[in-house]
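Please keep the sequence and the model in view while working through the points.

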Amino acid sequence: MTEDYFWGVTLDKTKNTEVWDPDVKPDANDSSHVFRGEHTLLVKQAVLGPDVADGEVNVIEVEAMGYKSDIKFPVVVLRGGGHSQCVLDLLFPDPPVTFKLVKGNGPVHLLGNHSVGTGEGMADEEDDDEIDEEFEEEEEEVIEEEKNSVDEKKRKIAANSNSKGGKAAKRPKVDESN
């Protein structure tokens with residue numbers, strides 16, 4: 001099971017770097033923002049603030065864990081008076097992720113989803129598997145009982161026909177001349 005939260009950060013000349021790392025407590029006495037489970041971040045959009053000067057180029061760089069080593073690349077280039085927003089599809093499955101305004105004064109707003117996997121999904125799947133197994137066992141028992149019932153009826157019919165000498169009962173004659 002996952003829980004999704006709206007996520008956003010603003011980068012500008014006064015705060016040009018932000019680290020997304022939900023495993024780090026902001027304050028040792030504050031437990032209100034501590035999440036347990038698997039964290040992923042999906043950045044969906046970058047938007048320039050309304051006060052960006054015409055022609056000013058703003059560049060956002062991201063540093064994150066890659067397959068074999070950390071990677072660092074520019075992911076957003078926006079120009080004031082031109083493109084004021086862009087759609088992104090950046091998935092970061094592992095913290096930490098560092099966002100940095102490497103060119104321009106901003107503000108640049110990054111928006112997306114922070115997902116927290118609580119680990120309950122696995123337990124639910126295991127419970128579903130157990131329920132499925134129990135249902136299959138019950139189904140097999142019902143089928144076996146029905147089979148035994150049919151076999152018992154066959155034995156009774158066979159016993160009845162054997163007690164009558166094994167001969168089939170005679171049918172009454174029907175006059176077909178009419």
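The numbered points below go from the overall fold to individual residues.

1. The model under discussion is predicted. The protein contains 1 helix and 8 strands. Read from the N terminus, the order of these elements is β-β-β-β-β-β-β-β-α.

2. Burial and surface. The protein has 178 residues, and 20% of them are buried.

3. Contacts across the sequence. Among contacts with a separation of 6 or more, 80% are between residues 24 or more positions apart.

4. In soluble globular proteins, nonpolar side chains tend to be buried together. In this model, the largest nonpolar core holds 21 residues, and the members that touch the most others are Trp 7, Val 43, Phe 92, Phe 99 and Leu 110. Two or more core residues come from each of β1 (2-11), β3 (38-48), β4 (57-65), β5 (70-79), β6 (85-92), β7 (97-103) and β8 (108-117). The largest share belongs to β3, which gives 4 residues.

5. The surroundings of Trp 7. Which residues does Trp 7 touch, not counting residues up to four places away in sequence? They are Trp 20, Leu 41, Val 43, Phe 99, Leu 110, Leu 111, Gly 112, Asn 113 and His 114. Val 43, Phe 99 and Leu 110 in this list are also named in point 4 among the core members that touch the most others.

6. Aromatic pairs. The whole structure has 2 aromatic pairs. In one of them, the ring centres of Trp 7 and Phe 99 are 5.5 Å apart; the pair counts as tilted because the planes meet at 40°. This pair connects distant parts of the chain, since Trp 7 belongs to strand β1 and Phe 99 to strand β7, 92 residues apart. Both Trp 7 and Phe 99 are buried. For Phe 92 and Phe 99, the ring centres are 6.0 Å apart and the planes stand at 90°, so this pair is edge-to-face. Phe 92, like Phe 99, is buried. Through these ring pairs, Trp 7, Phe 92 and Phe 99 form a cluster.

7. Strands β4 and β5. In which sense do β4 and β5 pair, and over how many bridges? The pairing is antiparallel and runs over 9 bridges. A hairpin of 4 residues joins β4 to β5. Within this part of the model, Ile 60 lies opposite Val 76 in β5.

8. The salt bridge. The count of salt bridges comes to 1. The side chains of Lys 15 and Glu 18 form it, with 2.6 Å from N to O. Lys 15 has a relative accessible area of 42% and is therefore partly exposed. Glu 18, with a relative accessible area of 22%, is likewise partly exposed; the cut-off for buried is under 20%.

9. Pro 107. This residue is located in the loop between β7 and β8. Pro 107 and Val 52 are 55 residues apart in sequence, and their C-alpha atoms are 7.0 Å apart in space. Not counting residues up to four places away in sequence, Pro 107 touches Thr 10, Leu 11, Asp 12, Val 47, Leu 48, Gly 49 and Val 52.

Terms used
Residues numbered from 1 in each chain as written. Predicted model: local features only at pLDDT ≥ 70, side-chain atom pairs only at ≥ 80, totals over all residues. Heavy atoms only, no water. Core = buried A, V, L, I, M, F, W, Y, C linked by side-chain atoms within 4.5 Å. Buried < 20%, exposed > 50% of the residue type's maximum accessible area, 1.4 Å probe, protein only. Contact = heavy atoms within 4.5 Å. Salt bridge = Lys/Arg side-chain N within 4 Å of Asp/Glu carboxyl O. Phe/Tyr/Trp six-rings, centres within 6.5 Å; stacked < 30°, edge-to-face > 60°. Pairing = 2+ DSSP bridges.
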